[in-house]
2 protein chains.
Amino acid sequence: MKLETKIAKFTKPLYLESGRILEPWQIIYETYGELNENRDNVILITHALSGSHHAAGMYEGDRKPGWWDGLIGDGKAIDTTKYFVIATNVIGSCFGSTGPISPVYPGSSERYRLKFPVITIKDMVKAQKILLDSLGIKHLKSVIGGSMGGMQALRFAVDYPGFIEKIFPIATTYQTRPYVIAINKAMIEAVRSDCEFKNGNYDPKEIRKRGLKGLAAARMIGYLNYISPVTFDKKFGRDYVKTDGMFELFGRFQVESYLEYNGSNFPKWFDPLSYIYLLKAISLFDISRGFTSLKEAFSQIKDKLVLISFSGDTLFFPEEMREIKKYMDEVNGKSEYYEIKSDYGHDSFLVEIDKFEDIIKNELNN
Amino acid sequence: MKLETKIAKFTKPLYLESGRILEPWQIIYETYGELNENRDNVILITHALSGSHHAAGMYEGDRKPGWWDGLIGDGKAIDTTKYFVIATNVIGSCFGSTGPISPVYPGSSERYRLKFPVITIKDMVKAQKILLDSLGIKHLKSVIGGSMGGMQALRFAVDYPGFIEKIFPIATTYQTRPYVIAINKAMIEAVRSDCEFKNGNYDPKEIRKRGLKGLAAARMIGYLNYISPVTFDKKFGRDYVKTDGMFELFGRFQVESYLEYNGSNFPKWFDPLSYIYLLKAISLFDISRGFTSLKEAFSQIKDKLVLISFSGDTLFFPEEMREIKKYMDEVNGKSEYYEIKSDYGHDSFLVEIDKFEDIIKNELNN
């Protein structure tokens with residue numbers, strides 16, 4: 001599989017939903033496989049909150065492959081011998097696309113920080129569309145994404161009707177519900193409560209080296225919703241860390257040790273401001289914004305939706321995706337809904353690829 | 001209803017499950033109604049994480065009554081014209097019973113802080129039993145409590161068989177599951193991540209005045225589990241605060257404003273160290289500790305359990321209380337299980353009193 005990383009730089013302003021402007025701006029992306037002559041074998045992969053453009057493959061020295069490597073590759077469900085797959089890093093994130101820790105202008109030592117504009121899912125998708133335009137891609141075979149990536153897929157379907165053959169929103173929603181907004185709020189406040197966050201004026205290098213307890217706590221809150229109570233039971237039980245005292249205040253159950261490990265590592269590879277901005281984007285997500293109703297929003301869709309949800313998802317519940325199916329049946333008539341039986345939880349879309357790869361394979365081949 | 005607040009001071013050591021000793025120690029408690037001559041009309045109320053001994057009634061100048069006022073009072077389900085009701089503040093808490101911000105000895109300006117011993121549910125119950133003994137109470141009509149209060153009720157049943165006529169564990173569990181331990185961990189780390197927590201060496205007066213963002217964030221995490229996703233939907237929808245900008249980074253949905261309000265108020269009335277110690281007690285709770293099996297633990301119970309759970313409780317799931325019922329059927333044969341249909345969430349035991357007050361009333365009268 002041919003794997004490349006590129007950066008696309010744009011000098012034309014990006015007009016955001018907020019009324020603010022990004023200028024200049026850039027997107028980092030990876031591609032897998034080869035673009036055919038007609039430029040019509042393109043699949044776009046959209047990532048979740050902590051994801052990146054590194055969706056598949058490995059570079060020399062990497063310890064693990066991209067986050068959807070099980071799905072994307074030669075002969076895999078998203079077959080890179082057939083398709084030219086593009087995975088971008090969304091604007092607002094921290095892996096190379098323009099985000100809150102980017103310099104305010106090229107070469108400046110000043111970073112945007114809290115002056116960075118609020119980014120919405122619509123903006124992320126618009127930026128990706130501009131990238132695709134710049135690559136001369138006039139039609140997509142597919143957009144595939146889970147969680148926040150699923151929001152982008154759905155947004156693509158609504159904002160650019162006729163542009164994509166099949167759209168795969170996975171483990172996502174059409175309108176972030178208050179419960180998820182509340183989770184996001186708790187995470188945002190955990191970050192802000194850490195004095196080392198310095199109201200956004202931290203030294204990013206220092207944070208990556210020394211960590212940020214507030215962001216670690218926020219990541220722990222995330223985990224409470226990424227895997228289900230049942231998975232917590234199965235994975236950890238009530239096992240206690242062998243070297244810790246049961247009656248030490250900070251003695252740890254295995255599950256606590258797991259959260260500590262993943263929490264404290266998180267700031268080493270993810271930026272706290274990007275985290276806050278992307279959570280805001282998720283909270284603001286509402287496919288009907290700008291329309292008079294949800295039905296009107298869904299009526300924009302001209303292409304086929306393939307909806308995949310997981311029965312044990314406690315972040316974006318299957319009910320929410322069934323709602324999408326209901327709207328689609330009313331206005332479009334070209335959608336499929338698959339509900340995967342699983343008690344793993346929201347992260348099924350990352351972890352249980354074997355349970356839905358055939359759906360993606362078959363839908364892509366038909 | 002006669003309402004009194006008292007403090008019981010003990011000079012004899014309290015031997016804790018950890019092997020540590022509290023000496024001297026004290027319990028603050030309220031009583032409602034009158035103790036009869038035989039001292040056999042006593043009901044003990046056990047409180048949840050953020051609860052206190054102020055379970056019912058109002059003192060002059062109070063803006064709101066105790067936390068279970070709807071249930072306890074003259075002519076109410078827990079009828080104070082018949083029963084003498086005692087509600088204590090658990091040791092480890094911060095409303096007047098010995099806890100981590102208590103002086104290390106009477107009159108000392110040094111507080112325990114992180115030197116305070118880990119307290120377990122067993123210890124809380126033991127302390128309450130010593131209080132009851134000191135009041136010459138040899139038998140309880142009932143122990144009634146929800147959440148952490150339900151753990152105490154269950155612990156009473158196991159540790160002091162034959163002492164109580166009917167025990168009401170409500171919205172609780174027999175063994176804190178890994179998922180809840182994980183929630184507790186995220187809350188604890190949110191508190192610790194706030195530099196103003198100063199590793200436990202904060203000035204309590206300052207915190208009560210100025211707040212503690214980490215504790216506020218922890219309280220928000222709590223709310224995510226006290227009310228259900230459905231309740232979040234019903235209560236708040238996606239309404240936005242009228243004076244906030246949709247595209248301001250810290251602009252707020254109503255649900256965020258609600259969390260901010262309750263979060264930021266919390267440190268004004270609850271102590272961060274007590275919070276951590278009580279979360280630890282909840283995580284450690286396992287009715288079978290000290291026994292070879294759960295069955296052996298439940299076999300200790302000689303009295304009648306009245307179990308009440310709520311179908312929409314996403315913190316202590318009804319399944320967990322059905323497990324208790326299953327064990328009781330095996331070993332005791334004297335239990336009742338009531339599952340209240342409700343989608344409110346864990347806080348049903350505080351908020352939806354009208355849905356279970358008759359159960360308590362009838363069970364107390366039979």
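User: What counts as a salt bridge here, and how many salt bridges are there between chain A and chain B?

Analyst: A salt bridge is a side-chain nitrogen of Lys or Arg within 4 Å of a carboxyl oxygen of Asp or Glu. The model is a predicted one. Glu260(B) and Lys185(A) form such a bridge, with their closest N and O atoms 2.5 Å apart. Between chain A and chain B the count of salt bridges is 6.

User: Which helix gives the largest share of the side of chain A that touches chain B?

Analyst: Helices H3 (178-192), H5 (213-226), H6 (229-236), H7 (254-269) and H8 (272-284) of chain A each give two or more residues to that side. The largest share, 11 residues, comes from H3(A).

User: How much area do chain A and chain B bury between them?

Analyst: The contact involves 57 residues of chain A and 57 residues of chain B. In chain A, Arg238(A), Phe247(A) and Leu249(A) lose the most area to chain B, together 16% of what that side buries. Of the area buried between the two chains, 72% is on carbon and sulfur atoms, and the total is about 5,000 Å².

User: Is strand S8 (residues 84-88) of chain A largely enclosed or open?

Analyst: Phe84(A), Ile86(A) and Thr88(A) point one way from S8(A), Val85(A) and Ala87(A) the other, and all are buried. Because 5 of the 5 residues are buried, S8(A) is largely enclosed by the rest of the structure.

User: Which strand pairs with S8(A) in the parallel sense?

Analyst: Strand S4 (residues 25-32) of chain A is joined to S8(A) by 4 bridges and runs antiparallel, with Glu30(A) opposite Ala87(A). Ile45(A) also stands opposite Ala87(A). The parallel pairing, over 4 bridges, is with strand S5 (residues 42-46) of chain A.

Note on methods: Residues are numbered from 1 along each chain as its sequence is written. Chains are lettered from A and ligands numbered from 1 in the order in which they are written. This is a predicted model: local features need pLDDT of at least 70, side-chain atom pairs count only at pLDDT 80 or more; totals for chains, interfaces and linings use all residues. Side-chain values use heavy atoms; hydrogens and water are left out. Contact means heavy atoms within 4.5 Å. Buried area is the accessible area (1.4 Å probe) that two parts lose on being put together, summed over both. Buried means under 20% relative accessible area, exposed over 50%, partly exposed in between (1.4 Å probe, protein chains only). Two strands pair if DSSP finds at least two bridges between them.
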